[in-house]
Amino acid sequence: MDVIIESLPLYWEGFLRTLFLSAVSGVIALVLGTLLAAARVSPVAALRGFSTVYVEILRNTPLTIAFFFAAIVLPRLGVQFAQFEVAAIIALSSYTAAFIAEAVRSGVNSVPVGQAEAARSIGMNFGQVLNLIILPQALRTVIPPLINILIALVKNSSVAGAFFVLELFGYGRQLANANGDQVITVLLGTAFFYLLLTVPLGILASTVERKVAIAR
Amino acid sequence: MSSVLYDVPGPKARRISLIGSVVGGLAILGLLAWIIFTLGQQGIFEGRRWQIFTRADVWRLLGNGLGATLSAAGLAAVIAFPLGLLLCLLRISDLKAIRIPTRVVLEFLRGMPVVLMMLFILLGFGTSQFIAVVAGLVVYNAAVFAEIIRAGIQSLPKGQREAGLAIGLTSFKSRMLIELPQAVRRMMPSLVAQLVVLLKDTSLGYIVAYGELLRAVQLMADVLGPAFLFPVFFVAAAMYIAINIAISRLAVWIERRGSKKAAGGTAKADPVAVEAAAP
């Protein structure tokens, strides 16, 4: 137990960096994912094709491979990052965007056809239909799965710890190596900080789910 | 291509769409060309770098890595599924004393990064890397399987269980004979989608130094020289993606087949839920 209290500042720093990585990647992924979903249902064939290929490839790539690419292969190819955080954010957000795009797309498909037909019949164009009618409704049904994706993002950010970014997992690993006799305590401490983020998000997801279920 | 989101395009809109497609396509092609050009500047396309794939030992190393990946994933899946069933039964038990602790354990397991569990098992119990990877995957995926199957059981009409109890089955028998088979069938697409996640997560073995595909790539780059990192990485990534896309297609195929024969309680799993299982 003493180990945890002694290294609390390290845990805290790691926790903040995990939070930072997740928040920044989350925001980028949300924007990118929504754009990809919009491209996926758009009338322009090239956009549809690009979005489909992007989502198919990224969704089926292990996250470790994405990180390996961003942190190890890219620098070899001449793309230099000032900090490895940038590589981590690129890997996390491009990976997560694919899942968000899929979730938003299924949300768009879940909005009853009549809604789009009604909007079309009063003369709205594609952009208006999507922005004013479909997306606001779709985002509601999509919020619980989106929160689940964000929970996964928080957990996935642990992979960054293995690619030169000292976040929660990175510090946990360091501390575990430094305190060989108290590995279990140290790692349980790390787990606790992860649960501090994931459990409230999970409760939020199920609450929102219940609320939305009533509204619909 | 008909969609209610926009009108069936007329000649003008078709022309605009065509122009958009051409411009968009050109932009994407331009981006690709730029990437290929940059890669070419780095000398990626020198034949020398790709000639290593004519060597048998390179393929043997990659094959070993792939074998290690697939054996860890296979073993983990085979153990995790029955364990998930068991956890699911405990999670929906009639006894509070069983139900609530199981729920806490499941929440705990699902809220943790898999790689942390692998490290925990590796260092905490001093196991081999293979066992750490498999055990980490088993523990996490059993919890996820349990939740998926529970969602399946809860989506069944109440009458199924009531009928089971009414004809004199015990609670346990009704679960095993009536509810579980339907729930598993209904949730098949989600379960297969979770298999893709499991396979992808074996790559976390790289972090705990298990000799899987990515570790093989790293090893070869170290031995052969950094010049060969990109070709080897490219081939390994292609392998992973090809296998995962194949399994994803299987999930879609099962879903279609399931919804065709609607009689047997269709696999009409909520698409949002299916996708949500994914990352």
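The structure is a predicted model, in which local features need pLDDT of at least 70 and side-chain atom pairs count only at pLDDT 80 or more, while totals for chains, interfaces and linings use all residues. Residues are numbered from 1 along each chain as its sequence is written, and chains are lettered from A and ligands numbered from 1 in the order in which they are written.

Chain B contains 12 helices and zero strands, helices being DSSP runs of H or I with at least four residues and strands runs of E with at least two, numbered from the N terminus. Of its 279 residues, 38% are buried (20 or more other C-beta atoms within 10 Å of the residue's own, with C-beta atoms placed from the backbone). In α6(B), 19 of the 27 residues are buried, so this helix is largely enclosed by the rest of the structure. Contacts require C-beta atoms, placed from the backbone, within 7 Å; among those in chain B between residues at least 6 apart in sequence, 72% join residues at least 24 apart.

The contact between the chains takes 60 residues from chain A and 47 residues from chain B. On the side of chain A that touches chain B, the largest share, 11 residues, comes from α7(A).

Note on methods. A residue is buried if 20 or more other C-beta atoms lie within 10 Å of its own, exposed if 12 or fewer, and partly exposed in between; C-beta atoms are placed from the backbone. Two residues are in contact if their C-beta atoms, placed from the backbone, lie within 7 Å.
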